[in-house]
Amino acid sequence: MSRKTLIPIGPYHPLQEEPELFKLYCDGEIVMDIKWETGYNHRGIEKLSESKSYDQVFFLVERICGICSTSHPFAFANAVEEIVGVEITDRTKYIRSIIGELERIHSHLLWVGLAGHFLGYNTLFMWAWKYREPVLDLFEMITGNRNSYAMFKVGGVRRDIENSKIPAIRKVMAVMRKKLDLLTGAVMDDPVIHARTKGVGILTRQDILDYGAVGPTARASGVDIDVRRDDPYAAYPLVNWKVITAQAGDVFAKVEVRLLEMYESASIIEQCIDALEKMKEGDIALKINEIPQGIGTGRAEAPRGEVFHFVVSDGSNSPARHKIRAPSYTNIATFKKSCIGQTIADATISLAAVDPCYCCTERMAAAYDNSSGKKILNASELIELSMKRTSELRKSGAGHE
Amino acid sequence: MDTEAAINKLTEKFSDDTVKVELQNGRRAIVTIRPTAIPAISEYLYKSEGYRFIIASALHTRRGFEIYYHFSFDADGSILSLHVILDREKPHIESLSNMFSASNWIEREMHELFGIDFLHHPNQEKLLSEGNWADDVYPYRKEFK
């Protein structure tokens, strides 16, 4: 019997922006088995949630993930509104969907960039992250924050998207479509990307059903599921769009699904802003005084797949139990199928292909001058500067060529 | 098939094991069943009816330990939750991980956080706090006066 070499990836590794330990057991170049250790960042959010009021829980669950930071409040709002039994206003539905889809675009662009980086195609990384910036500018213009937007509350949203901001959104989407054409061309026609991703990390339809994988990971293997269509919420049943699927189940299929999904997101956003323009401003929240006793299940389609929130209310002002299932929880387990039998180099892109959830939103608290070591700006000055930039963005409009 | 018809079919087939049925707003249902019936009913949902296992949620209440097994029927967007109430002193239930891998991690997590035993689980090790937390101390358990 041959001896196996253990190659660790993590807990802190340039490939993973979050701590997670993958142990690859290799025979020469070939991965024979994979084991993982998680929990380095376990924050006990489900337990914490039981000690917060419903309004505070939104801010808490928003911090589960820095990239898809709106998907958790989205699912939580759906769950709590199911307990209360309210139907939110149409304007709220459109605003929620706009935020959800802008997030999908920025998250998929971030992933396309990272995938390029893992393959050694750093030009793609630079492009994708550059074109992601105007989307973050839009977020800053609409919500005041690049990430963690604090837009949701029970029965509505906290801020309106005024009609004056709509032309800026429309302009960014128009530019985005051109940039998506460029990116899609660069990826779909590149022989090196084909060679590195086609037939690599294949997940069959049966693997997906066995592991309960969701999102682009499932759709790239021909499993046609999308909560936005299957269990409709917000404005998704009110606009025209289609669920993108592919059949091959390899890394290339996952790239393809994500790239094409961004076009659908742009189309959803454009239809939503058209609808918003025709409505009266300001009708964005219902007054909800108390959350009755009951059980609510809420789902939302995050960029990585279905987010599931289960809330038990005992009639008090905080949840009695709050169970959260993020999409990576089921998607990461599929590594057992996608990585074994591959070379180490292919295993890394297979690991990255499900887009395991990273956090990219740390902000500095102070700026220092490199040469003298003196503090130039402190935290409150930085916040002031950031607010100034937000107000300038709101005046001049987001987006640049 | 609408949710109500699906639930009727289930309760007819497993009439001896069904304790209570609650329907909410057309697309959500909670069916309380006897814990011993979980493998048979899950197998029926997963293999015959095409349900997808989403996740399981454990709770510690005055009644004992409760688990909701959430299944999604993606063709019509409904969620069926199988609800079981387990023993207060030595909570245990048959594992589903030999049927589908989707329940492997969550059963390990529930074992780690609530101390619920999953019989015949292929590998009931800690998922989150290996080496960082005392054995036999379960952080999500509550103390009732």
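Two strands pair if DSSP finds at least two bridges between them. With that in hand, here are some close-ups of this predicted model.

**View 1. Strand β2(B) and its parallel neighbour, β5(B).** Five bridges join β2(B) to strand β5 (residues 78-86) of chain B, and the pairing is parallel. Look for B:V31, which stands opposite B:L82 in β5(B).

**View 2. The hairpin of β1(B) and β2(B).** Strand β1 (residues 18-24) of chain B runs antiparallel to β2(B), with six bridges between the two.

**View 3. Where chain B meets chain A.** Here 25 residues of chain B are in contact with 24 residues of chain A. On the chain B side, β2 (28-33), β3 (52-61), β4 (64-73) and α3 (104-114) each supply at least two residues. The most come from β3(B), which gives six. Sorted by class, this side of chain B has 13 nonpolar, seven polar and five charged residues.

**View 4. Helix α5(A) and what covers its buried residues.** Helix α5 of chain A takes in residues 122-143, and its end C-alpha atoms are 31 Å apart; this agrees with the 32 Å that its 22 residues should span at 1.5 Å a residue. Its buried residues include A:L124, A:Y131, A:R132, A:D137 and A:F139. Among the elements covering the buried residues are α4 (90-118), α6 (166-188) and α15 (379-396) of chain A. Just past the helix, A:G144 adopts a positive phi of about 95 degrees.

Conventions: Residues are numbered from 1 along each chain as its sequence is written. Chains are lettered from A and ligands numbered from 1 in the order in which they are written. This is a predicted model: local features need pLDDT of at least 70, side-chain atom pairs count only at pLDDT 80 or more; totals for chains, interfaces and linings use all residues. Helices (H or I, at least four residues) and strands (E, at least two) are DSSP runs, numbered from the N terminus. The expected span of a helix is 1.5 Å times one less than its number of residues. A residue is buried if 20 or more other C-beta atoms lie within 10 Å of its own, exposed if 12 or fewer, and partly exposed in between; C-beta atoms are placed from the backbone. Two residues are in contact if their C-beta atoms, placed from the backbone, lie within 7 Å. Ala, Val, Leu, Ile, Met, Phe, Trp, Tyr, Cys and Pro count as nonpolar, Asp, Glu, Lys and Arg as charged, and the others, Gly among them, as polar.
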